[in-house]
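The sequence and the structure are shown below.

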Amino acid sequence: MTALLWLAGAILLAEVSRHRGAGAAAVLLACVSGTTLPDLDLSLGLVHRSILTHGPLLPALLLLGPPRWRPAAAGLALGIGLHVAADTFPNAMTGYATVKLPFAGSIGATASYVWLAVNALALSVAGGVLLARLFRPKWVLGLLAGSAAIGIAYLFVTDGGWPALGVYAAFGWLAIRQRRQARIG
């Protein structure tokens, strides 16, 4: 339930202030929320790893709201992306660990790996793209650094976090290397 409070704070902050700093704070609050919000599925009467909470639905719902909620949507996408990245690395993709459809049950181990991996990537990219549309480049870099710090803190302590952290680090290294080679060439 704390995740809902973080998200409500992010939306409220984005709603009441037009200052760019308030929007940036909304991004970070929503990112913190997104790291644990998907597991709210149990409190909502859904099964664990519900496809409704472990995917793009929640950030998409925020995007349907007023445009001033977009910073919260960006942060939520980044946070949920981090959460599902960690969920991609369970001890075993069976039972409790698999992704579930409402009223239909598990989508199976292979489909669960695919769903979680694709959504981790898609939500991370979508959050970054949304930030780039909302903020100037220096703000985007700062917000991505803040989101990375939140991600490291979350992935450091959660099951599946270490492998997910390694994947994020590898992608970051590849992006930096590609950018450097583009400058040279």
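Helices (H or I, at least four residues) and strands (E, at least two) are DSSP runs, numbered from the N terminus. The model is predicted: local features need pLDDT of at least 70, side-chain atom pairs count only at pLDDT 80 or more, and totals for chains, interfaces and linings use all residues. Residues are numbered from 1 along each chain as its sequence is written, and side-chain values use heavy atoms, with hydrogens and water left out.

**The largest pocket**

- A pocket is an open set of points on a 1 Å grid over the protein atoms alone, where a 1.4 Å probe fits, with protein on both sides within 12 Å along at least five of seven lines; lining residues have an atom within 4 Å of a point.
- The largest pocket holds about 1,000 Å³ of space, a volume being the space filled by probe spheres set on the points, which are joined across faces, edges and corners.
- Its lining has 30 residues, and S124, Y168, A169, F171 and G172 lie nearest the centre of the largest pocket.
- At least two lining residues come from each of helix 4 (70-87), helix 5 (109-134), helix 6 (137-157) and helix 7 (161-184).
- Helix 7 provides the largest share of this lining, 12 residues.
- By class, the lining comprises 22 nonpolar, 5 polar and 3 charged residues (nonpolar: Ala, Val, Leu, Ile, Met, Phe, Trp, Tyr, Cys and Pro; charged: Asp, Glu, Lys and Arg; polar: the others, Gly among them).

- H48 sits in the loop between helix 2 (20-36) and helix 3 (57-63).
- The relative accessible area of H48 is 10%, so this residue is buried (buried is under 20%, exposed over 50%, partly exposed in between, with a 1.4 Å probe and protein chains only).
- Beyond its neighbours within four places in sequence, H48 contacts D39, D41, L42, Y96, T98 and K100 (contact means heavy atoms within 4.5 Å).
- T88 is 40 residues from H48 along the chain, and their C-alpha atoms are 14 Å apart.

**Aromatic pairs**

- The whole structure contains 2 aromatic pairs (rings of Phe, Tyr and Trp, its six-membered ring, with centres within 6.5 Å; planes under 30 degrees apart are stacked, over 60 edge-to-face, the rest tilted).
- F135 and W139 form a stacked pair because their planes lie at 20°, with ring centres 6.2 Å apart.
- F156 and W162 have ring centres 4.9 Å apart and planes at 55°, so this pair is tilted.
- F135 is buried at 7% relative accessibility, whereas W139 is partly exposed at 33%.
- F156 is partly exposed at 48%, and W162 is exposed at 54%.
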